[in-house]
Amino acid sequence: MNRKRRKLEVVSVSDVHLGTFGSQAKELNRYLQSIKPEVLVLNGDIIDFWQFSKRYWPKPHMKVLKSILNLASKGTQVFYITGNHDETLRKFSGMRMGNIEIVNKLELDLMGIKTWFFHGDVFDVIMQNSRWLAKFGAIGYDSLVLVNVFINFLSKLLGRKKVSLSKRIKESVKSAVKYIGDFEITAASLAMQKGYQAIVCGHIHHPEIKEIFIPGKGKIMYLNSGDWIENLTALEYNNGTWSLYRHQRDESTDSEQTGNEEPGSELMDMGPKDIFDKMVKEFRE
């Protein structure tokens with residue numbers, strides 16, 4: 001059934017982590033099929049090359065890529081900003097394929113507001129100094145998501161609401177709360193030093209739109225698109241205003257997100273580069 005797509009000027013999506021059990025690819029695909037943006041910013045960690053496995057690439061994950069290609073073929077300008085989990089693509093920075101361009105950062109002038117888009121992993125000191133520790137943390141996060149899937153399965157049987165373990169941890173553990181606060185202040189300060197009036201990030205899986213005041217420097221608009229693992233959020237810009245979109249999770253699709261759907265047979269023997277090449281080939285065709 002065809003639904004009318006919402007026309008938007010700019011949409012920013014980040015931290016999809018395709019190729020992992022936690023990625024809510026089917027939900028994202030529904031969202032992408034409901035919008036028609038002039039510009040789509042994929043703000044990092046779209047494909048998770050850190051945890052990529054040939055044994056897990058369900059059809060909904062490939063459908064997300066096809067939806068992006070479909071938008072590009074119909075006139076949407078797509079900017080793929082590299083993150084830490086898809087840093088493999090950084091060597092392709094500057095590469096263009098029709099309406100798709102791979103970049104490390106992006107600047108847009110939105111009604112006179114100089115806006116800076118980048119993933120945000122440059123602020124992650126742990127990742128920069130101890131890359132193995134950052135990867136270990138990513139694996140731990142994905143394991144927590146798997147445990148969460150099992151817990152929510154039991155909760156559903158008992159007629160109880162879903163819970164998000166990782167979200168609760170981030171909101172209750174002081175060090176996690178401090179990290180999010182430090183990230184926002186650091187990002188805002190750097191953006192102001194570079195002369196920007198707004199900054200759009202991803203990386204920390206914490207959706208947000210707010211003004212940040214830096215003593216002695218002024219204020220700046222800070223935005224974070226969140227993620228498509230637990231928050232299912234995106235940033236939408238239209239008529240000079242940003243808004244935070246929150247997708248309503250369809251409980252009937254949960255089984256497909258936990259690996260019960262068989263991966264596409266054509267992808268079983270593919271590695272990350274093979275999938276990227278296939279994506280390029282389909283776009284050119």
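These legends describe close-up views of a predicted model.

**View 1. The whole protein chain.** The chain has 285 residues, and 51% of them are buried. Its secondary structure comes to 8 helices and 12 strands. Among contacts with a separation of 6 or more, 71% link residues 24 or more positions apart. The accessible surface is about 14,300 Å². Carbon and sulfur atoms supply 54% of that surface.

**View 2. An open sheet of 5 strands.** The strand order is β6-β7-β8-β10-β9. Pairing in this sheet is mixed. The edges are β6 (106-110) and β9 (208-214), and each of these strands pairs on one side only. On average, neighbouring strands are turned by 25 degrees against each other, direction ignored.

View 3. Strand β6 is joined to β7 (residues 113-117) by 5 bridges. The two strands run antiparallel. Which residue stands opposite Asp109? It is Lys114, in β7. At this edge, β6 pairs on one side only.

**View 4. Helix α1 within the structure.** Helix α1 covers residues 25-32. Why is α1 described as largely enclosed by the rest of the structure? Of its 8 residues, 6 are buried, so the helix is largely enclosed. Buried here means under 20% relative accessible area. The buried residues are Ala25, Glu27, Leu28, Asn29, Tyr31 and Leu32. An α-helix has 3.6 residues a turn, so residues three or four places apart point the same way. The buried set includes Leu28 and Leu32, as well as Glu27 and Tyr31.

How values were computed. Residues are numbered from 1 along each chain as its sequence is written. This is a predicted model: local features need pLDDT of at least 70, side-chain atom pairs count only at pLDDT 80 or more; totals for chains, interfaces and linings use all residues. Side-chain values use heavy atoms; hydrogens and water are left out. Two strands pair if DSSP finds at least two bridges between them. Helices (H or I, at least four residues) and strands (E, at least two) are DSSP runs, numbered from the N terminus. Axes are lines fitted to C-alpha atoms, for helices over the stretch in contact, and angles run from 0 to 180 degrees between N-to-C directions. Buried means under 20% relative accessible area, exposed over 50%, partly exposed in between (1.4 Å probe, protein chains only). Contact means heavy atoms within 4.5 Å. Accessible areas come from the Shrake-Rupley method with a 1.4 Å probe; for residues, only the protein chains shown count as cover.
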